[in-house]
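Welcome! Please take a moment with the sequence and the 3D view, and then read on for a short tour.

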Amino acid sequence: MSVLIKKGHVLDPSTGVDGIRDLYVKNGLVAAVGKNLEITADVVIDAEGLYVMPGFIDLHVHLREPGFEYKETIMTGSRAAARGGFTTICPMPNTRPAIDSKEMIEWLKEKEKKEARVHILPIGAVTYGQAGEELADIAGMAASGAAAISEDGKSVMSTSLYREGMLKAKEAGIPVFAHCEDKDLAGDGVINEGNVAKELHLPGISNAVEDIIAIRDILLAKETGVRLHLCHCSTKDSVAFLEWAKKEGLPVTGEVCPHHFTLTDDDIPCDDSNYKMNPPLRSKEDVQALKEGLKNGVLDAIATDHAPHSKEEKEKSFLHSPFGIVGLETAFALSYTELVEPGILTFMELVKKLSYNPADILGIERGSLREGKAADIVIVDTGEWYKIDKETFASMGRNTPFHGRRVKGKIKYTLVDGQVVYKD
Ligand SMILES: NC(=O)N[C@@H](CC(=O)O)C(=O)O
Ligand SMILES: [Zn+2]
Ligand SMILES: [Zn+2]
């Protein structure tokens with residue numbers, strides 16, 4: 001099986017190619033990248049006027065299987081990924097039961113083979129059942145293919161236990177992905193602390209809820225030497241701490257989600273739980289710092305934190321609905337529209353944060369269109385404005401605050417190992 005992608009504008013951070021090229025794919029690999037390739041292929045894709053990039057890699061999704069199949073499954077989540085231009089996704093372990101053992105990682109890898117459209121790199125829990133009491137079999141999970149460990153959904157509040165877990169992760173050669181939230185300080189907060197919380201009479205979540213754990217985890221990474229990745233950074237101080245850690249030469253990286261740099265708490269129109277996620281939408285000052293952090297390289301990656309919930313769950317009020325919004329099918333358009341259109345990032349820099357850097361964080365041989373690499377490719381159209389329509393989502397989740405928003409950046413094709421897995 002061979003594919004020839006003709007006359008697309010190739011953007012490849014790994015080679016620096018930024019121009020019109022043909023791209024030839026054979027046996028699942030990039031076989032040639034060049035001008036006017038004279039090759040015949042089984043499938044020819046006319047990419048004139050389109051951009052061709054390494055497939056996006058999402059370090060942070062929730063696929064809800066096992067246990068919450070009414071929200072999303074591995075099959076539907078991976079279809080949403082393909083529709084969003086993502087060719088590799090990393091599901092978090094907060095399922096029921098949690099992904100906290102070698103057997104569970106193996107089960108997920110089996111499901112990937114049978115049901116998934118894209119590559120799935122599972123993340124194992126730090127503690128059994130994410131109960132925060134006893135370390136899970138970190139070495140066993142790493143040996144069976146866990147890409148990282150994380151307690152996402154919460155933080156490991158016992159600092160000594162977390163430190164021990166970090167040492168185990170370091171030994172196993174995998175990074176720790178940190179959800180930073182001081183549970184005690186968060187209390188029953190549901191929205192950013194500030195005027196909007198007051199107006200809506202809702203309990204707030206202050207920046208310190210995130211910042212205290214972000215700096216704690218960085219200091220633990222300094223002591224243990226583990227590779228630490230900060231999930232969904234939302235505050236200006238977590239960006240400042242990350243910057244400090246990098247200056248210290250620590251192996252610490254950070255991600256930001258499109259909703260956190262697109263919206264502030266001021267954009268929450270009313271008690272609408274499609275604006276409820278953890279961490280919450282923050283202030284203008286925080287959003288400014290996130291954009292600055294993306295621009296100056298302190299924030300390495302854009303990840304979705306795709307968190308589908310059912311209609312019934314999200315119809316409840318801010319106070320009573322679960323945290324989280326879907327993100328796989330809006331991430332590229334929001335990133336392009338918010339970051340590239342206004343000139344905060346070049347298109348190449350954006351591609352780097354969606355593919356090359358996440359691959360580097362995971363230590364995988366993807367996120368590149370170099371000859372010989374796996375043909376995980378996304379082809380996009382950035383020419384026309386359109387409105388996000390949640391009814392078209394492949395995800396089972398419709399919980400998004402972006403329905404009806406005007407954006408640029410449409411996924412036209414997604415290829416995984418040289419196979420077209422999505423076509424617009
Ligand atoms: N981000 C969210 O608001 N929710 C996530 C959990 C998490 O990422 O912390 C979920 O699992 O629903
Ligand atoms: Zn989280
Ligand atoms: Zn999450």
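Predicted model: local features only at pLDDT ≥ 70, side-chain atom pairs only at ≥ 80, totals over all residues.

Residues are numbered from 1 along each chain as its sequence is written, while chains are lettered from A and ligands numbered from 1 in the order in which they are written.

**A helix pair**
- Helices α4 (residues 159-172) and α7 (residues 207-224) have axes that come within 10 Å and cross at roughly 50°.
- On the α4 side the contact (C-beta atoms within 7 Å) includes Tyr 162 and Met 166, and on the α7 side Arg 216 and Leu 220 are among the residues taking part.

**An enclosed helix**
- Helix α1 (residues 74-83) is largely enclosed by the rest of the structure, because 9 of its 10 residues are buried (20 or more other C-beta atoms within 10 Å of their own).
- Its buried residues include Ile 74, Arg 79 and Arg 83.
- Among the elements covering them are β6 (56-61), β7 (86-91) and α2 (102-115).
- Gly 85, with a positive phi near 90°, follows α1.

**Around the ligand**
- Ligand 1 has around it residues including His 62, Asp 152, His 179 and Phe 323 (C-beta atom within 6 Å).

Notes. Axes fitted to C-alpha atoms, helices over the stretch in contact; angles between N-to-C directions. Helix = DSSP H or I, 4+ residues; strand = E, 2+ residues; numbered from the N terminus. Contact = placed C-beta atoms within 7 Å. Buried ≥ 20, exposed ≤ 12 C-beta atoms within 10 Å, placed from the backbone.
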